[in-house]
Amino acid sequence: MSNTEKGGLHRVRNFLSCRQVLNLLTMLGFMLNYALRVNLTIAIVDMVQTNDTSSGNATLTGNGTAVNGNSHSVDVNEERFPWDSYQTNFVLGCFFWGYILTELPGGRLAELIGGRRVFGHSMLWASLLTLITPLAAHINYVVLIVVRVVLGFMLGASWPAIHPVAAVWIPPMERSKFMSNMMASSLGAAITMPICGYLISVAGWASVFYLTGAVGLLWSLAWFTFVYETPATHPRISAEERREIEEAIGTSTSKKRPSHVPWGQLLCSPAVWAIIICHGLAVFGFFTVVNQLPTFMSKILLFDIKKNGLFSSLPYLGKYVMAVASSYLADYLRKKGTLSTTATRKLFTTFALVIPGLLMIVQVFLGYDATWSVTIFSLALFAHGAVTAGYLGNGLDIAPNFGGTIFGLANTLSSFGGFLSTWMVGALTYKDESFHSWQIVFWILAATYISGAVVFAILGSGELQPWNNPPERVKISDINQEEGVPLKNEK
């Protein structure tokens with residue numbers, strides 16, 4: 001390496017540490033992760049034919065041209081589809097068919113071969129599928145469903161894959177802050193929705209898929225260029241940063257990746273089931289809001305597509321702010337010894353789920369008013385952001401060697417809940433898209449949120465479990481396991 005190259009490398013190293021680069025790209029990755037998912041939830045409002053002319057909503061002429069009564073949008077000649085409420089919700093829900101299939105395998109695969117590969121490839125292929133989504137919709141309704149299922153298949157592995165990354169890169173007392181990067185998905189949704197609303201009004205619904213897909217490809221290039229599986233394999237990491245990570249992680253994450261999962265002990269652990277059940281119930285509520293909030297605003301609150309995108313994004317902004325703030329507070333309380341890890345996780349989980357549950361009850365009685373409805377949803381998701389300091393990263397507390405597997409199990413259950421939520425709303429609003437039907441939805445959400453908090457308060461734990469380091473059944477080659485060695489080589 002030349003002196004010039006060494007000097008440039010030194011300047012980059014002084015500007016951003018490897019962990020800071022990882023944090024930044026992880027945050028951007030989860031922003032794009034949800035952008036690739038929620039682009040359809042707002043685009044579908046304009047993709048479906050409607051004869052509604054009330055309150056300035058977008059109306060479709062016989063040739064499929066979108067005309068907005070109130071806004072100054074450009075008329076776009078674009079094909080619209082004659083889907084009813086059931087078919088529309090089917091398109092939204094089929095994503096979870098593929099999503100379910102790769103949750104658990106994705107988490108375990110990331111533990112074995114590294115989270116960088118699994119997370120990076122899931123996003124790369126999802127971006128390519130997003131680019132061809134408009135073509136699939138124009139070809140056939142079934143082709144669109146196939147693309148959405150495969151998109152879910154690719155993105156399903158992304159969430160559990162980040163836990164093995166954190167296990168080898170992030171010190172235990174900084175993991176709440178790192179897990180808040182997962183909530184950048186909410187920031188992605190907040191940014192995507194108003195941009196989608198604007199793009200649809202000036203360039204048609206297909207443009208949102210082209211934009212989000214192209215940005216996803218650029219992110220994938222950056223991820224594979226600047227992120228490495230472990231500190232031991234990173235060519236740019238300083239000796240100081242590498243030593244700091246090693247000393248903080250210690251022996252909680254194995255030098256060699258365990259070749260097998262102690263399924264019996266894992267599945268008999270109350271702490272694991274606390275995470276699985278709590279996550280399933282909490283995400284059922286969250287997915288219902290993510291997938292159905294634009295439709296609720298369009299059908300019940302009668303917002304046009306621009307207002308829909310703007311106001312739908314407000315709750316997500318609040319959620320991300322809470323995720324970051326609560327994570328910093330949780331790590332501070334743990335470092336100072338003010339609260340144990342167990343108490344911290346239970347406190348923040350209770351806050352993050354009980355508050356939204358109570359707000360859904362308020363929504364039952366006040367949700368018919370647009371101002372109250374937007375305020376309530378914003379406050380509910382604002383409070384829900386505290387799950388990053390609660391159960392979301394709890395798998396790394398109790399078993400960092402199997403954090404991907406635990407979160408894969410939890411997200412598999414929550415994926416069933418995601419499909420169930422879209423089916424539920426479709427069934428309840430089929431031929432009766434009234435506020436009364438949505439009141440039933442809000443009651444169900446209140447019950448699921450509060451139940452999740454109760455389960456975690458009873459069963460949850462923050463203590464490292466004895467089965468985190470199981471004895472090896474077979475001899476593992478040191479060469480094959482090189483990427484699993486945290487940092488001990490230099491000593």
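This is a predicted model: local features need pLDDT of at least 70, side-chain atom pairs count only at pLDDT 80 or more; totals for chains, interfaces and linings use all residues.
Me: On to aromatic rings. How is a pair of aromatic rings described?
Reply: You give the distance of the centres and the angle of the planes. Here there are 21 aromatic pairs. Take Trp83 and Tyr141: their centres are 5.3 Å apart with 65 degrees between the planes, an edge-to-face pair. Trp83 sits in the loop between strand 3 and helix 3, while Tyr141 belongs to helix 7, so this pair links distant parts of the chain, 58 residues apart.

Me: Why is the pair of Phe90 and Trp97 edge-to-face?
Reply: Because their planes are at 85 degrees, with the ring centres 5.2 Å apart; planes over 60 degrees apart count as edge-to-face. Phe90 is partly exposed at 23% relative accessibility, and Trp97 is partly exposed at 35%.

Me: Which residues do ring pairs link into a cluster?
Reply: Phe30, Tyr34, Phe119, Trp159, Trp219, Trp223 and Phe286. Keep an eye on Phe286, as the charged end of Lys319 sits over its ring, 3.3 Å from the centre. Elsewhere, Arg116 lies over the face of Tyr228, at 5.8 Å from the ring centre.

Me: Now salt bridges. What do I look for, and how many are there?
Reply: Look for a side-chain nitrogen of Lys or Arg within 4 Å of a carboxyl oxygen of Asp or Glu. The count by this rule is nine. Asp331 and Lys177 make one of them, with the closest N and O atoms 3.4 Å apart. Asp331 lies in helix 15 and Lys177 in helix 9, so the pair ties together parts that are 154 residues apart in sequence. Both residues, Asp331 and Lys177, are buried.

Me: Which salt bridge does Arg334 form with its side chain?
Reply: The side chain of Arg334 meets that of Asp331, at 3.0 Å from N to O. Arg334 and Asp331 are about one helical turn apart, because they are three residues apart in helix 15. Arg334 and Asp331 are both buried.

Me: What about Arg345 and Asp397?
Reply: Their side chains meet in a salt bridge at 2.6 Å, N to O. Arg345 is in helix 16 and Asp397 in helix 18, so the pair ties together parts 52 residues apart in sequence. Arg345 and Asp397 are both buried. Putting these together, Lys177, Asp331, Arg334, Arg345 and Asp397 are linked in a network of salt bridges.

Me: Last one, the surface. Which residues form the nonpolar patch?
Reply: Trp263, Leu267, Trp273, Val454, Ile458 and Leu459, with about 550 Å² of accessible area together. Helix 13 and helix 20 are the elements that give two or more residues to this patch; helix 20 gives the most, with three. Trp273 lies in helix 14. With a relative accessible area of 36%, Trp273 is partly exposed, and a patch residue needs over 30%.

Note on methods
Residues are numbered from 1 along each chain as its sequence is written. Side-chain values use heavy atoms; hydrogens and water are left out. Patches are made of residues with over 30% relative accessible area and no salt bridge: like charges are joined within 9 Å, nonpolar side chains (Val, Leu, Ile, Met, Phe, Trp, Tyr) within 5 Å. Accessible areas come from the Shrake-Rupley method with a 1.4 Å probe; for residues, only the protein chains shown count as cover. Helices (H or I, at least four residues) and strands (E, at least two) are DSSP runs, numbered from the N terminus. Buried means under 20% relative accessible area, exposed over 50%, partly exposed in between (1.4 Å probe, protein chains only). Rings of Phe, Tyr and Trp (its six-membered ring) pair if their centres lie within 6.5 Å; planes under 30 degrees apart count as stacked, over 60 as edge-to-face and the rest as tilted. A charge sits over a ring if NZ of Lys or CZ of Arg is within 6 Å of the ring centre and within 35 degrees of the ring normal.
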